[in-house]
Amino acid sequence: MATVLDIRNITYQVEKQTILNDINWQIEEGSLITVTGPSGSGKSTLMRIIANLQPYSSGEIIYQGKSLDEYDPIKYRQQVSYAFQQPDLFGQTVEDNLRFPYMARNQSFDQNRAYDVLQSVDLSKDYLTRSIDNLSGGEKQRVALIRNIIIMPKVLILDEVTTGLDDVTKTAVRNLIKQVNQSGVTVLQVTHDDAEIKNSDMLVTVANEKLTQNKEE
């Protein structure tokens, strides 16, 4: 497989504290990788750095053969998409959120695609016009996630997106993640969920400022 992301000697420091130290990691295109580690170990920080949402102290990130510095940040984030643990919806309706990726790319909204992704996480078509204020926490999380994949990215980074969801909703989200990965999208998921760890191609642990690849199937 080709390397989609090459993380080279990434170090991140806050004042005198080192959070990540000399991280090197080659991520293969189309892989499904689970990232785990103790609370505060820097795993979410590393994911935000890869997503170009947080600066790093030193090192280099190569995406599809080019340095991250050579990319327009907005264009890069459209290809390397980050889903937060806490859903952050905007506007008034679900449709406002699902229209946004099309607006950002100057494309026409694909309503049929919106219906399909809603139904893929057990939300009916009528959710498109629902107010975000009337959604449960689990519904908001699903809407936030499908906003990331309604136009498929090259890389999808998931930061504990199933935390706090009930078992039925977790299953729907896991199935969607699997479908996205099987379509060729590289998936990096931060999780402590045993089922998600078991289904990954590789388990990566971030601890003590370092990254270790623990399992490859």
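Predicted model: local features only at pLDDT ≥ 70, side-chain atom pairs only at ≥ 80, totals over all residues.
Local features need pLDDT of at least 70 and side-chain atom pairs count only at pLDDT 80 or more, while totals for chains, interfaces and linings use all residues. Residues are numbered from 1 along each chain as its sequence is written, and side-chain values use heavy atoms, with hydrogens and water left out.

**Pocket**

- The largest pocket has a volume of about 640 Å³. On a 1 Å grid over the protein atoms alone, a pocket is an open set of points with protein on both sides within 12 Å along at least five of seven lines, and lining residues have an atom within 4 Å of a point. Grid points are joined across faces, edges and corners, and a volume is the space filled by probe spheres set on the points.
- The lining of the largest pocket holds 26 residues, and the closest to the pocket centre are Ser81, Tyr82, Phe100, Arg147 and Asn148.
- Two or more lining residues come from each of helix 2 (73-79), strand 6 (80-83), helix 3 (94-104) and helix 5 (137-149). Helices (H or I, at least four residues) and strands (E, at least two) are DSSP runs, numbered from the N terminus.
- Helix 5 gives the largest share of this lining, five residues.
- By class, 17 residues of the pocket lining are nonpolar, five polar and four charged. Ala, Val, Leu, Ile, Met, Phe, Trp, Tyr, Cys and Pro count as nonpolar, Asp, Glu, Lys and Arg as charged, and the others, Gly among them, as polar.

**Cavity**

- The structure has one cavity of 30 Å³ or more, a cavity being a set of grid points where a 1.4 Å probe fits but cannot get out.
- The largest cavity has a volume of about 40 Å³.
- Its lining consists of Leu158, Glu160, Val161, Thr162, Ile177, Gln189, Val190, Thr191 and Glu196; four are nonpolar, three polar and two charged.

**Aromatic rings and charges**

- There are six aromatic pairs. Rings of Phe, Tyr and Trp (its six-membered ring) pair if their centres lie within 6.5 Å; planes under 30 degrees apart count as stacked, over 60 as edge-to-face and the rest as tilted.
- One of these pairs, Tyr71 with Tyr76, is tilted, at 5.8 Å centre to centre and 55° between the planes.
- Tyr71 is buried at 15% relative accessible area, and Tyr76 is buried at 0%. Buried means under 20% relative accessible area, exposed over 50%, and partly exposed in between (1.4 Å probe, protein chains only).
- Tyr63, Tyr71 and Tyr76 make up one aromatic cluster.
- The charged end of Lys66 sits over the ring of Tyr71, 4.7 Å from the ring centre. The criterion is NZ of Lys or CZ of Arg within 6 Å of the ring centre and within 35 degrees of the ring normal.
- Likewise, the charged end of Arg130 sits over the ring of Tyr127, 3.8 Å from the ring centre.

**Ile61**

- Ile61 belongs to strand 4 (residues 58-63) and is buried, with 0% relative accessibility.
- Ile61 and Arg8 are 53 residues apart in sequence but 6.0 Å apart in space, C-alpha to C-alpha.
- Beyond its neighbours within four places in sequence, Ile61 has contacts (heavy atoms within 4.5 Å) that include Leu5, Ile7, Ile49, Lys66 and Tyr76.

**Positive phi**

- Glu15, not a glycine, has a positive phi of about 55°. Glu15 lies in the loop between strand 1 (3-14) and strand 2 (17-28) and is exposed, with a relative accessible area of 79%.
- Asp122 has a positive phi near 60°. Asp122 lies in the loop between helix 4 (111-120) and helix 5 and is exposed at 54% relative accessible area.
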